[in-house]
Amino acid sequence: MTAMWRVRVVLCAVSVLLSSTSTSTAASAAAAAAAEEGKARSCSDVRQAYTAKGFSLVNVPHQEISGEHLRVCPQGYTCCTSEMEDKLHQQSKQEFQNLVEKSSHEIRTTFVARHKKFDEFFLELLDNSEKSLNSMFTRTYGRLYMQNSEMFQDLFTELKRYYTGGNVNLEEMLNDFWSRLLERMFQLLNSQYHFTDDYLECISKYTDQLKPFGDVPKKLKAQVTRAFIAARTFVQGLMVGREVANRVAKVNVAPACVRALTKMLYCSYCRSMPGLKPCQNYCHNVMRGCLANQADLDTEWNHFIDAMLLVADRLQGPFNIEAVIEPVDIKISEAIMAMQENSMQVSAKVFQGCGQPKPSGIGRSVRGIADVFNTRFKPYTPEERPTTAAGTSLDRLVIDIKVKLKESKRFWSNLSDEICSRGNITESDDEQCWNSHAKGRYFPEVVKEGLTNQVNNPEMDVDITRPDTLIRQQIMALRVMTNKLKNAYNGNDIYFQDSSDEGSSSGSGSGCSDGCTTEFVYIGTEAPVIGVDRSDERAAVAAGKSLACGPSPLLVSIALVLWLAALQTQRR
């Protein structure tokens, strides 16, 4: 019994001893783990990455410090001081602006280069046509042409002025040219008479009735007006696209966006993980929040591109300016020949309507006037066509522009994803990326593009009630330009409308036929090929984006007041 009791005592003592040893070991391990957890990590990698950005290492910690001072990045142990966080804050803003500039570089250079090329092509086409007419008419009509050459020079001057945005009514200008030519021709064909200014004015009144030049003026007017309207509007569209892209690319970065960018791009530095890139979906949310207003430009931009493509089709087809301008000297010569051939009938009708003029006392030249107007011109063969600065025909030039225009569709709504996918700033591995506070998967859903969709953006607070003013101005500018392009597609110039042309329902764009639907803009309406909306035109001009021609200053002032009032109401 005594031996048994002693064995039990020994066993109990051993058990107590083992239990005490185990507890002591566990406590020691827990203490060691706690000590390891509280130990500050080295900031050597952060220092290296920070100095690689061009920053000084002065006051940059060698080991993690307490992070209660941080305003953007997660607090806790950190390698960032307040000064470092501020510098990284500015660095984030600058890098974002550079990313937008870089991503939009191609679309901006596309519009700059194509605008320059088309402009050079068109102006040199006009110059070559004028030189060709001057050379042929000098060779054919000699001194007679040289004495009257200023009216032909005026014709090309006005055509250039219209193309470059001048306030020129094409129809009135062409009507004036034919009236002047009729007066000069009539005097030459009836040089034995003296004509007063009043008599010459009377002759002009009979131009439509007499049709001294046959159908050439009517046909040429229709061809020139719609081709020039299309060409001028198209080059204006390239200019507007260039200006909109340039302005939108200079992005206005909101404070909330800069905070989100800093957190995404550089808060990993503060957590001693400078090489860790953001998760892709994390980047999408941040960029869609920062570029919400730019994405809203996309709808109007796509409408604008579609309208540009339609006008480009016209320039390749019935509104081909190259086909109109190159043979203009031949067409004017045909008109002169028609006038000469019908001179007897024309003179008789004029004398009947305006009265018999007084003799000048100077007989007609021994050499008949018919001997002067006796040469018809041959058109250029393709090999003889003048070489333009653009170095290509209109068809090839327009085809190239159309390819680039199509590539630019949906650019602004895709910009945020473009930056994340091609900007080399994200990590493709969903488990090995920065998720805003640590390394690991990013769980929030990706919001859609556009301002209104940012109400649920998990990465930043976006005020969806205050759209960016600059972006709204560009949206309205695109609407105005799109409306002009739709009118140009139908052969109309929205600033000059006149229904005086025979059998026509349009003004400066009169003469459309063969499937070209015409329409009024200010004078009645017919079913257009493309609907035209003028509701935002004056508002856009008031917003500071006027085009070559525009409404009166009074209308602009009224529109500006209404627009500002509406904006103020919306903000409330």
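Mentor: Start with one term: a residue is buried under 20% relative accessible area, exposed over 50%, and partly exposed in between, with a 1.4 Å probe and protein chains only as cover. This is a predicted model, where local features need pLDDT of at least 70, side-chain atom pairs count only at pLDDT 80 or more, and totals for chains, interfaces and linings use all residues. Residues are numbered from 1 along each chain as its sequence is written, and side-chain values use heavy atoms, with hydrogens and water left out.

Take the whole chain before the part. It has 572 residues, and 48% of them count as buried. It holds 24 helices and four strands (DSSP runs numbered from the N terminus: H or I of at least four residues for helices, E of at least two for strands). Look at its contacts (heavy atoms within 4.5 Å). Among those between residues at least 6 apart in sequence, 77% join residues at least 24 apart. The chain exposes about 28300 Å², and carbon and sulfur atoms supply 51% of that area (Shrake-Rupley method, 1.4 Å probe).

Now go inside. The largest nonpolar core has 133 residues (buried Ala, Val, Leu, Ile, Met, Phe, Trp, Tyr and Cys joined through side-chain atoms within 4.5 Å). F96, F118, F228 and I332 touch the most other members. Helix α10 gives the most to this core, with 15 residues. In soluble globular proteins, nonpolar side chains tend to be buried together.

Stay with F228. Set aside its neighbours within four places in sequence. F228 is then in contact with F122, L126, L159, Y162, L170, I321 and I325. Two of those names, L159 and Y162, come back in helix α6, where they take part in the meeting with α10.

So look at that helix pair next. Two packed helices are described by the angle between their axes and the distance between the axes. Helix α6 covers residues 149–163, and helix α10 covers residues 216–249. They pack at an angle of about 40°, with axes 9 Å apart (lines fitted to C-alpha atoms over the stretch in contact, with angles from 0 to 180 degrees between N-to-C directions). The two helices are therefore oblique to each other (under 35 degrees is roughly parallel, over 145 roughly antiparallel, 65 to 115 roughly perpendicular, the rest oblique).

Which residues of α6 and α10 meet? From α6 come L159, Y162 and Y163. From α10 come V224, F228, I229, A231, R232 and V235. The residues of this contact divide into eight nonpolar, no polar and one charged (Ala, Val, Leu, Ile, Met, Phe, Trp, Tyr, Cys and Pro are nonpolar; Asp, Glu, Lys and Arg are charged; the others, Gly among them, are polar).

R314 sits in helix α15, residues 298–316. It counts as buried, at 12% relative accessibility. R114 belongs to helix α4, residues 105–141. R114 is buried too, because its relative accessible area is 18%. Beyond its neighbours within four places in sequence, R114 is in contact with L238, D400, I401 and K404.

A292 is another inside case. It lies in helix α14, residues 292–296. A292 is buried, with a relative accessible area of 1%. Not counting residues up to four places away in sequence, A292 touches G450, L451 and Q454.

Now the outside. S428 is in the loop between α21 (411–422) and α22 (469–489). It counts as exposed, at 58% relative accessibility. S428 and P278 are 150 residues apart in sequence, yet 9.0 Å apart in space, C-alpha to C-alpha.

Finish with backbone angles. Most residues other than glycine have a negative phi. N59 has a positive phi of about 70° and is not a glycine. N59 lies in the loop between α2 (44–52) and β1 (65–66), and it is exposed at 58%. R410 has a positive phi of about 60° and is not a glycine either. R410 is in the loop between α20 (394–407) and α21. It is partly exposed, with a relative accessible area of 42%.
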